[in-house]
Amino acid sequence: MDRNEELEAFKKVNLSVIASAHGYTIDRKKSTRHSVLMSNGADKIIVSQNGKHFIYCSVHDPASSGTSIDFAQKIIERGCTLGRVRQLLRPYLDGGYVSDLQTTYRGRFASEIKPSQTDLLGVAARYSNFNAIDEPHPYLCNTRGIPFDLLKGERLYDRVRHCPKRGSIVFPHWGCPDDSGSKDRCLTGYEIKGPGVNMFSKGGRKGIWMSAASKSDRVLAFAESGLDALSYLVKRGQNNDVRVGSLSGQMNPAQPALIQSAIERMGQGAQIVAAFDNDPAGDALTKRLAHIVEGLSRNDLEFKDDRPLTRGVDWNKVVVNEAQSTNMIENSFSAFGR
């Protein structure tokens with residue numbers, strides 16, 4: 001093996017194994033098959049695979065990223081020479097040495113990481129900074145009328161996160177890691193909502209946001225935004241048999257296949273619901289969803305258009321209006337009592 005071949009070989013070594021040997025441990029709750037979050041207490045890194053190369057990026061230091069060679073120069077021994085990099089990484093080309101490491105650090109690394117695109121690495125790194133909603137959220141609960149009890153239930157817990165710095169909420173989208181049509185799913189981006197904020201993650205692409213599934217689910221409803229999907233649960237999820245998803249606007253070319261896959265996972269006799277806005281954009285989405293359902297050749301499925309009755313209104317507007325009306329009535333009673 002010549003020197004260039006050796007450098008290429010270093011890049012193909014499972015970087016999570018190297019990181020585990022230098023104090024990092026995988027956080028399985030915040031890792032997927034395509035991106036692995038690892039921490040050593042002071043630092044957090046995301047490890048992924050781009051083609052045949054393993055790559056990483058630091059959550060806290062944007063300048064610290066790259067291949068195993070960069071990992072050696074920026075984390076193992078900061079600023080070391082390429083010659084020193086060769087000394088540090090050569091042991092990982094020895095299968096016996098790696099096997100011993102895997103035994104010693106079992107459970108601290110990812111034995112396999114599915115290849116992903118480089119733009120998704122940054123998405124995963126930024127998403128790891130968001131937190132689960134463990135207490136009533138001012139914007140989501142007070143402004144948007146979503147009950148905290150619903151958010152902390154099994155259907156939604158950690159399916160919606162929040163940014164502790166900006167107060168916005170985040171809906172993670174899952175989809176295909178590339179354009180191959182693979183059945184694999186990974187984090188592809190996230191929808192961001194907040195006071196004056198309505199955007200999608202930089203460097204990501206829309207997949208589908210979904211609530212948690214249950215074997216008892218009989219209804220699968222799709223909304224335009226994550227907020228509308230949550231609001232539909234508020235209005236229609238009393239029987240706890242409603243699964244919801246959102247698209248973050250109009251459909252992109254990849255979403256019909258993702259929608260079809262979600263529908264196919266529903267049991268016999270399921271009802272597929274268009275819970276979109278009652279406006280021209282919602283009309284178009286409803287027609288497209290109906291077309292997808294018709295193309296599945298499943299006679300057991302029922303399609304339903306269940307949009308707000310008032311033109312120009314979405315499901316979150318319905319929830320907010322009802323909450324405001326209730327508060328007005330309660331305030332009236334309070335004033336009368338005084």
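Okay, quick definition before anything else: two strands count as paired if DSSP finds at least two bridges between them. Keep in mind that what we're looking at is a predicted model.

So, first stop, β3 and β4. They pair antiparallel, over 6 bridges, and within that pairing Val-47 sits opposite Tyr-56 of β4. These two strands belong to an open, antiparallel sheet of 5 strands, ordered β1-β2-β3-β4-β5. At the edges you've got β1 (25-26) and β5 (65-66), each pairing on one side only. Then α3 lies across β3, β4 and β5, at about 35° to β4.

Val-47 comes up again in the largest nonpolar core, which has 30 residues; it's among those with the most contacts inside, along with Ile-18, Met-38, Ile-45, Phe-71 and Leu-89. Elements giving two or more residues to that core include β2 (35-39), β3 (44-50), β4 (53-58) and α3 (68-76). And what does Ile-18 touch, leaving aside its neighbours within four places in sequence? Val-13, Ser-68, Phe-71, Ile-76, Leu-89 and Tyr-92. There's also a second, separate core, 27 residues, with Phe-148, Leu-156, Val-160 and Trp-315 among them.

β11 runs antiparallel to β13 (residues 242-246), joined by 2 bridges, and Met-210 has Gly-245 in β13 as its bridge partner.

Terms used. Residues are numbered from 1 along each chain as its sequence is written. This is a predicted model: local features need pLDDT of at least 70, side-chain atom pairs count only at pLDDT 80 or more; totals for chains, interfaces and linings use all residues. Side-chain values use heavy atoms; hydrogens and water are left out. A nonpolar core is a set of buried Ala, Val, Leu, Ile, Met, Phe, Trp, Tyr and Cys residues joined through side-chain atoms within 4.5 Å. Buried means under 20% relative accessible area, exposed over 50%, partly exposed in between (1.4 Å probe, protein chains only). Helices (H or I, at least four residues) and strands (E, at least two) are DSSP runs, numbered from the N terminus. Contact means heavy atoms within 4.5 Å. Axes are lines fitted to C-alpha atoms, for helices over the stretch in contact, and angles run from 0 to 180 degrees between N-to-C directions.
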